[in-house]
Amino acid sequence: AGAILLMVYMLYFAYIAYAKMAILGFLVTLVVSFMIYLLKERKYLLLGTFMITTVACVGAFVVYNDTARMIVTKIARYESFDLGNRQWVYFLSLNMRYAIWDCSWFVISQDYNWILGAGLNNQEALNNCYYSTYDVWTRHGVDLNKDIRNHVAFNAHNEFLQTWLNTGLFGLLALVSMYAASTIRSLRKY
């Protein structure tokens with residue numbers, strides 16, 4: 001009962017903090033945990049039914065939600081998250097993340113950054129891209145001078161993208177290997 005109360009408490013605060021990704025991560029963890037449980041208990045028919053239902057629900061969400069459909073379409077077409085041609089109607093976290101991800105990809109694609117990384121001191125390159133391409137501050141009537149801009153820093157807002165940006169392909173492979181090894185060890189143990 002205490003564990004359930006703690007989960008409800010944490011979900012409530014994730015909701016009021018508008019932490020959508022935390023809630024999504026929690027739901028994905030629940031779905032995957034339930035699927036592993038069904039697999040362990042050899043309930044293959046129920047597992048298949050659950051998987052088909054999950055895929056149908058996610059598919060329906062993508063089909064009927066404009067934002068989700070746009071994101072999946074961009075990923076499927078290998079398109080950039082370039083917002084240069086888009087009108088910034090809302091100054092939201094999602095819009096900012098598209099711009100930050102696009103600038104992170106831009107910095108990674110420069111020189112040999114995709115192999116070696118841009119180093120831990122890549123903030124200037126990210127800020128230069130961000131403010132020159134997506135100057136949302138000016139677009140929304142906030143005119144920040146250069147001194148203030150140099151103190152506002154954005155990271156990649158994605159652990160894998162940030163690791164790739166900092167340490168290159170080798171660092172990214174090391175991170176993915178650690179997660180894969182941990183997952184495999186957990187699945188073998190249970």
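These notebook entries record what I looked up in a predicted model of one protein chain.

**Entry 1: Overall make-up**

I began with the secondary structure and found 10 helices and zero strands in the protein chain. Read from the N terminus, the order of elements is α-α-α-α-α-α-α-α-α-α. I then looked up burial: of the 190 residues, 24% count as buried. The accessible surface of the chain comes to about 13900 Å², and carbon and sulfur atoms hold 66% of that area. For contacts with a separation of 6 or more, I noted that 53% join residues 24 or more positions apart.

**Entry 2: Confidence**

The average pLDDT is 77, and 73% of the residues score at least 70. Among the elements, helix H3 (residues 44-64) has the highest mean pLDDT, 91, while helix H8 (residues 136-139) has the lowest, 52. I also marked residues 87-91, where the pLDDT is below 50. Beyond near neighbours in sequence, this stretch has 13 contacts in the model.

**Entry 3: Salt bridge**

How many salt bridges does a search of the whole structure find? I recorded one. Asp66 is paired with Arg69, and their closest N and O atoms are 2.4 Å apart. Side chains of opposite charge can pair when their charged atoms come close. I located both Asp66 and Arg69 in helix H4 (residues 66-76), where they stand three residues apart, about one turn of the helix.

Is Asp66 buried or exposed? Its relative accessibility is 55%, and Asp66 therefore counts as exposed, since the cut-off for that class is over 50%.

**Entry 4: Nonpolar surface patch**

Which helix gives the largest share of the patch? I found that helix H2 (residues 20-40) supplies four residues, the largest share.

I took Val28 as one member to examine further. Val28 is found in helix H2. With a relative accessible area of 45%, Val28 is classed as partly exposed, because the exposed class requires over 50% and the buried class under 20%.

**Entry 5: Summary**

I close with the main points. The chain has 10 helices and zero strands, and the search found one salt bridge, formed by Asp66 and Arg69. Helix H2 provides the largest share of the nonpolar patch.

Terms used:
Residues numbered from 1 in each chain as written. Predicted model: local features only at pLDDT ≥ 70, side-chain atom pairs only at ≥ 80, totals over all residues. Heavy atoms only, no water. Salt bridge = Lys/Arg side-chain N within 4 Å of Asp/Glu carboxyl O. Helix = DSSP H or I, 4+ residues; strand = E, 2+ residues; numbered from the N terminus. Buried < 20%, exposed > 50% of the residue type's maximum accessible area, 1.4 Å probe, protein only. pLDDT = per-residue confidence, 0-100. Contact = heavy atoms within 4.5 Å. Areas by Shrake-Rupley, 256 points an atom, 1.4 Å probe, with all protein chains shown as cover.
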